[in-house]
Amino acid sequence: MGSIQCALINLPGMSHGCVASSTDFRTCKGSLLKLGVKKAHHYEARKSVAKIGRMGARMEGAGVGTEKGAGAAVGVAVKDEGLSFKVLKGRPLPFGSTARDGGVNFAIHSTRATSVTLCLFTLSDLQKGVVTKKIPLDPLLNKTGDVWHAFLPGTFEDLLYGYKVDGQYCAEEGQRYNPSCILLDPYAKAVISRGEYGVLGSGGNCWPQMAGMVPIPDDEFDWEGDLPLKLPQRDLFIYEMHVRGFTNHNSSRVNYPGTYLGMVEKLEHLKELGVNAIELMPCQEFNELEYYSYNPVMGDYKMNFWGYSTINFFSPMIRYAAAGVGNCGRDAIHEFKMLVREAHKRGIEVLMDVVFNHTAEGNEMGPTLSFRGLDNGVYYMLAPRGEFYNYSGCGNTFNCNHPIVRRFIVDCLRCPRYDDPWLIAEAWDIGGLYQVGSFPHWGIWSEWNGQYRDIVRQFIKGTDGLAGAFAQSICGSPHLYQEGGRKPWHSINFVCAHDGFSLADLVSYNQKHNLANGEDNNDGEDHNNSWNCGEEGELVSLPVQHLRQRQMRNFIVCLMVSQGVPMLSMGDECGHTKGGNNNTYCHDNYVNYFRWDKKEESKTGFFNFCCLMAKFRSECESLGLEDFPTAERLQWHGHQPETTDWSESSRFVAFTIVDSMKGELYIAFNTSHLPVLVTLPTRPGFKWQPLVDTSKASPYDFLADDLPNRSIAIAQYAQFLNANIYPVSSYSSIILVLSPDGDS
């Protein structure tokens, strides 16, 4: 059985960031900032149905309900012709719909429901907004405790299902039952609605009725003997990526752009880069039309491109599949499994970014899709008068304190897609909680190390007072993880991620430029620790261009020589720019697409440098240690050997590290605007050989073995290295390798 080995998890206490003030519900989850949130615009949903605007109009007759007494959607019609089902008692466990014993068992939890009706659809009826068959459940026969259940004998290859759930409506007590809504089963394994990404439903409906796939027996996928790779976490090189964005640009030239299959066609790029783990941005079912509105700045329509607004945690995103809703979603599931299988064939682990801290239902004015209508007070954290606590910044907060919700999350992780998962936390939330280094981990949880990002960004651009903190970051942040018994590889090191500046923009912009989002540049993080190298924007002088390239190389060197697990964001290896936009959540266009034409331009430049640095890291035993380095292995240096400067004004950090494969490495960072001449540690019988110097133009920034005229390039360093010195240019980093001295 194939599997996904890892999951990036967001629980309450870990936020996907701030939400900009908005004019209606479709944009109220606008700014999904994940990194280092200091302050945010709070979720401001409108207080009258009239102000829900276009979304309200779309929900009319769609079976996607708002609250009772607040313009509830008209229920869908019922067609009950020629279909009859024998309804047996069924079993309360497992939750969800399960093909077994010659039929299908349905089981759903609802604490205070007074009635539950199982609604069945054919695909054609669902697309017409018509229920094919309604089956009321008998509370005496089909209920055990708080679980409603039924068993239907037979095979149902082309059927979908949902539930109507009734009960008392009392918002102040947290009860929001609404029988006009047909609800998704939280455990549905595929969610069917629209079949094509970005295409509206019938009548311009952004929220057509959704339903879950009724499972069938023997729906097997050929894993071709695939097994979990189980790579040691310390050896990972993670690539954060977006399924649609990876291949949807026309320069990708794949057969199935923007899909799981399109990704399969381009997996060799990741092998070339040296990546052995991909972290997929949300691939669970979400509605990309959630923010749908015309954006006059870009001349297109805003989308929920990132996907941090989950509708269902078990279903893959159907519209990322080339097959769409074909075979009631089973083909989409198979496509996703094919992606996992083919990644494993190439030695690439698959991680998933799973957002368990909130759902797409928003606050009290949001749509009732699933959890709210089933058990609002169980699934969400509520204030004493029934309002939604908003620690996520997205309108609601998943109630992980409740045993039913905890079971739900664990069941998600036990799904065959997640076999023996690794867990990575984003340990902060919009309410001010920040637990990087102090997150309850039980020896299992790793963390996105936001402190690493902030310190490295500042030190590399020349901020004073950070030499010591930078050295700690290089060592895997022992000040955060060692005392609690964790290892360096519990630190996921990154400089950039999908939200915030891209790497190229980090060295090109001092200020965010988010006007394209249509929010008057009010969204997005204001404190980016970026530096434009002297001129703002892309059209700059040649010296500034060269300095920017040097700074980008410095960041890559830092990532690759740091203890911990390096993570690179999609496109950064090719210098992708978002034009200074640090909050591109709503752009389904070139802003977020991987530019394959840019890769061709950088093949012998920055991309090549990234590939060589990743390969070098994989060859060095010392750069991915099992435990934190000690003085027996690592020594710190200043301008003179073993003479360090940790003062406020220091912008120079150097160290040697013993490596069982390479012998010994000398690594130095000079983030001053002035060059320095350093004296190297003396090693009798050996001499230092140059390998990396980020101040040199490509391809001489990395002196690879197959570099043309390599011996001539090395000879240029001889006069310095023979004297055991090296000139380190301003804003540059170097790597030297100890080799036997042939003259001794």
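User: How much space lies in the largest cavity?

Analyst: About 190 Å³. This is a predicted model, in which local features need pLDDT of at least 70, side-chain atom pairs count only at pLDDT 80 or more, and totals for chains, interfaces and linings use all residues. Residues are numbered from 1 along each chain as its sequence is written, and side-chain values use heavy atoms, with hydrogens and water left out.

User: What makes a space a cavity?

Analyst: On a 1 Å grid over the protein atoms alone, a cavity is a set of points where a 1.4 Å probe fits but cannot get out. Points are joined across faces, edges and corners, and the volume is the space filled by probe spheres set on them. By this rule there are eight cavities of 30 Å³ or more.

User: Which residues lie nearest the centre of the largest cavity?

Analyst: His498, Ser569, Met570, Lys578 and Asn592, out of 19 lining residues; a lining residue has an atom within 4 Å of a point.

User: Why is cysteine 328 called buried?

Analyst: Buried means under 20% relative accessible area, exposed over 50%, and partly exposed in between (1.4 Å probe, protein chains only). Cysteine 328 has 3%, so it is buried.

User: Why does asparagine 327 count as partly exposed?

Analyst: Its relative accessibility is 37%, so asparagine 327 falls in the in-between class.

User: What is the phi of asparagine 327?

Analyst: About 60°, a positive value although asparagine 327 is not a glycine. Most residues other than glycine have a negative phi.

User: Which residues does the cis peptide bond with omega near 10° join?

Analyst: Serine 698 and proline 699.

Definitions and conventions. On a 1 Å grid over the protein atoms alone, a cavity is a set of points where a 1.4 Å probe fits but cannot get out, and a pocket is an open set with protein on both sides within 12 Å along at least five of seven lines; lining residues have an atom within 4 Å of a point.
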